[in-house]
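Subject: Structure for your review

Dear colleague,

Please find below the structure that I am handing over to you. I would be grateful if you would look through it alongside the notes that come after it.

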Amino acid sequence: GIGSSKVIAGGVNGIVLYREADLEFYAYDRTCTMFPEHNEAVLEDETFFGVFACPECESSFLLMNGAEPNSGPARYPLVQYNASIQGDVLHIYN
């Protein structure tokens with residue numbers, strides 16, 4: 001549904017797929033941008049819808065705001081992949 005997210009395989013630590021509108025999807029790498037060298041995947045926050053948080057540094061990222069940091073020490077959004085729909089196939093690429 002609109003506003004939903006799903007974790008799929010790909011990227012460095014997996015990809016978060018976010019559906020903003022009927023045919024509008026965004027794909028973000030799950031690697032926290034605070035400490036890329038710690039190679040930590042962000043996890044879905046069970047308390048707040050559309051928020052993914054790093055279990056290591058506790059930075060959180062708001063998907064509906066371009067995966068920008070919402071709290072914590074991270075200063076950069078999650079890395080975004082290109083996502084395009086062709087027919088009934090969603091292509092994710094960089």
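The notes below cover the nonpolar cores, the cysteines and the charged pairs.

Please bear in mind that this is a predicted model.

The largest nonpolar core is made up of 13 residues. Tyr28, Cys32, Val42, Phe61, Leu63 and Leu78 have the most contacts inside this core. If neighbours within four places in sequence are set aside, Cys32 touches His38, Glu40, Val42, Cys54, Cys57, Phe61 and Leu78. There is also a second, separate core of five residues, among them Ile15, Phe25, Ala27 and Tyr81.

The cysteines deserve a careful look. Cys32 is buried, and its relative accessible area is 1%. Cys54 is buried as well, with 3% relative accessibility. Although Cys32 is in contact with both Cys54 and Cys57, the number of disulfides is zero.

Finally, I turn to charge. Side chains of opposite charge can pair when their charged atoms come close. The whole structure contains one salt bridge. Asp22 and Arg19 form a salt bridge, with their closest N and O atoms 3.1 Å apart. Asp22 is partly exposed, at 49% relative accessibility, and Arg19 is partly exposed at 21%.

Yours sincerely

Conventions
Residues are numbered from 1 along each chain as its sequence is written. This is a predicted model: local features need pLDDT of at least 70, side-chain atom pairs count only at pLDDT 80 or more; totals for chains, interfaces and linings use all residues. Side-chain values use heavy atoms; hydrogens and water are left out. A nonpolar core is a set of buried Ala, Val, Leu, Ile, Met, Phe, Trp, Tyr and Cys residues joined through side-chain atoms within 4.5 Å. Buried means under 20% relative accessible area, exposed over 50%, partly exposed in between (1.4 Å probe, protein chains only). Contact means heavy atoms within 4.5 Å. A disulfide is a pair of cysteine sulfur atoms within 2.5 Å. A salt bridge is a side-chain nitrogen of Lys or Arg within 4 Å of a carboxyl oxygen of Asp or Glu.
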